[in-house]
Amino acid sequence: MMGASRQLWALTVRQPWAWALAWGGKNIENRSWTTSYRGWIAIHAGKTLVDDVGRAQQFIQERMGWRWRPHHARQSVRARGQVLALARLDAVCAGPVEGCACPMDSAWATVGAFHWRFGAWQHLRRPVATAGGLGLWNLPQAAADAVLAQLDEHAVHAVIAHG
Ligand SMILES: [Zn+2]
């Protein structure tokens, strides 16, 4: 499959949240806005960090529990301006509008946010550098190709099926 069918949606997330979403087991992204899109999204680490890195890392560390290691503090802010992984968006709750009916099986959800619930991941061995975007944005074709080149054939078909 070529051309438009190889496009990938992307979401820019500031570090260390992008790392937590890609590698830390964070299965909920808290957003002030919602989307009707369901399917795979490239998790892109923004160029800038969150304002309070230490506090964010503390939050992540508490939720990761024993899986958090000392080197994760450094790792969680290292990648910037890069796609780290693909994650499959399965559901978004209407929390701020209708009240949250999510099964609260994740400690990652924060009150008053739309909970973007991810259910599957494809990790990239080599992060792909590209500029970020606002909202859900399409990866430039070269970046999308560099991401897809790292996946096996089955994964490629899965991630572009919803495109
Ligand atoms: Zn919710």
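**Exercise 1. Is Trp17 buried, partly exposed or exposed?** Then describe the ring pair that Trp17 makes with Phe59.

*Solution.* A friendly reminder before you start: this is a predicted model.

Step 1. Take the accessibility of Trp17: its relative accessible area is 22%. Buried would require under 20% and exposed over 50%, so Trp17 is partly exposed.

Step 2. Treat the partner likewise. Phe59 has a relative accessibility of 21%, so Phe59 is partly exposed too.

Step 3. Now turn to the rings. A search of the whole structure gives five aromatic pairs. In the pair of Trp17 and Phe59, the ring centres are 5.5 Å apart and the planes stand at 75°. Planes over 60 degrees apart count as edge-to-face, so that is the label for Trp17 and Phe59.

Step 4. Look around the pair. Ring pairs join Trp17 and Phe59 with Trp108 in a cluster. Phe59 also has a charged neighbour: the charged end of Arg63 sits over its ring, 3.5 Å from the centre.

**Exercise 2. Work out the geometry and surroundings of the pair formed by Trp19 and Trp68.**

*Solution.* Step 1. The ring centres of Trp19 and Trp68 lie 5.9 Å apart with planes at 85°, so this pair is edge-to-face.

Step 1. Trp19 is in helix α1, while Trp68 is in the loop between α2 and α3 (71–78); the pair therefore ties together parts 49 residues apart in sequence.

Step 2. Check burial. Trp19 has 5% relative accessibility and counts as buried. Trp68, at 12%, is buried as well.

**Exercise 3. Find which side of helix α5 is buried, and what packs there.**

*Solution.* Step 1. List the buried residues of α5: Ala143, Ala144, Val147 and Leu148.

Step 1. Consider their directions. They cover an arc of only 135° around the axis, so they sit on the same side of α5.

Step 2. Name the packing partners. The buried residues of α5 pack against β4, β5 and α6.

Step 3. Zoom in on Val147. Beyond its neighbours within four places in sequence, Val147 is in contact with Leu8, Val83, Leu86, Leu124, Val128 and Leu139.

Step 4. Step back to the core. The largest nonpolar core has 20 residues, and Val147 is among those that touch the most other members, together with Leu8, Leu86, Leu139, Leu151 and Val159. Elements giving two or more residues to this core include α5 (141–148) and α6 (153–160). Apart from this core lies another, of 19 residues, among them Ala45 and Leu84.

**Exercise 4. Which residues do salt bridges that share partners join into one network?**

*Solution.* Step 1. Start with the total: the structure holds six salt bridges.

Step 1. Follow Glu29. Its side chain meets Lys26 in a salt bridge (3.3 Å, N to O), and Glu29 forms another with Arg31, the closest N and O atoms being 2.8 Å apart.

Step 2. Check burial. Glu29 is buried at 5% relative accessibility, Lys26 is buried at 3%, and Arg31 is buried too.

Step 3. For contrast, take Asp90 and Arg88, whose salt bridge is 2.7 Å, N to O. Asp90 is partly exposed at 38%, and Arg88 is partly exposed at 30%.

Step 4. Join the shared partners: Lys26, Glu29 and Arg31 make one network.

Definitions and conventions:
Residues are numbered from 1 along each chain as its sequence is written. This is a predicted model: local features need pLDDT of at least 70, side-chain atom pairs count only at pLDDT 80 or more; totals for chains, interfaces and linings use all residues. Side-chain values use heavy atoms; hydrogens and water are left out. Rings of Phe, Tyr and Trp (its six-membered ring) pair if their centres lie within 6.5 Å; planes under 30 degrees apart count as stacked, over 60 as edge-to-face and the rest as tilted. Buried means under 20% relative accessible area, exposed over 50%, partly exposed in between (1.4 Å probe, protein chains only). Helices (H or I, at least four residues) and strands (E, at least two) are DSSP runs, numbered from the N terminus. A charge sits over a ring if NZ of Lys or CZ of Arg is within 6 Å of the ring centre and within 35 degrees of the ring normal. A nonpolar core is a set of buried Ala, Val, Leu, Ile, Met, Phe, Trp, Tyr and Cys residues joined through side-chain atoms within 4.5 Å. Contact means heavy atoms within 4.5 Å. The arc is that of the directions from the helix axis to the C-beta atoms. A salt bridge is a side-chain nitrogen of Lys or Arg within 4 Å of a carboxyl oxygen of Asp or Glu.
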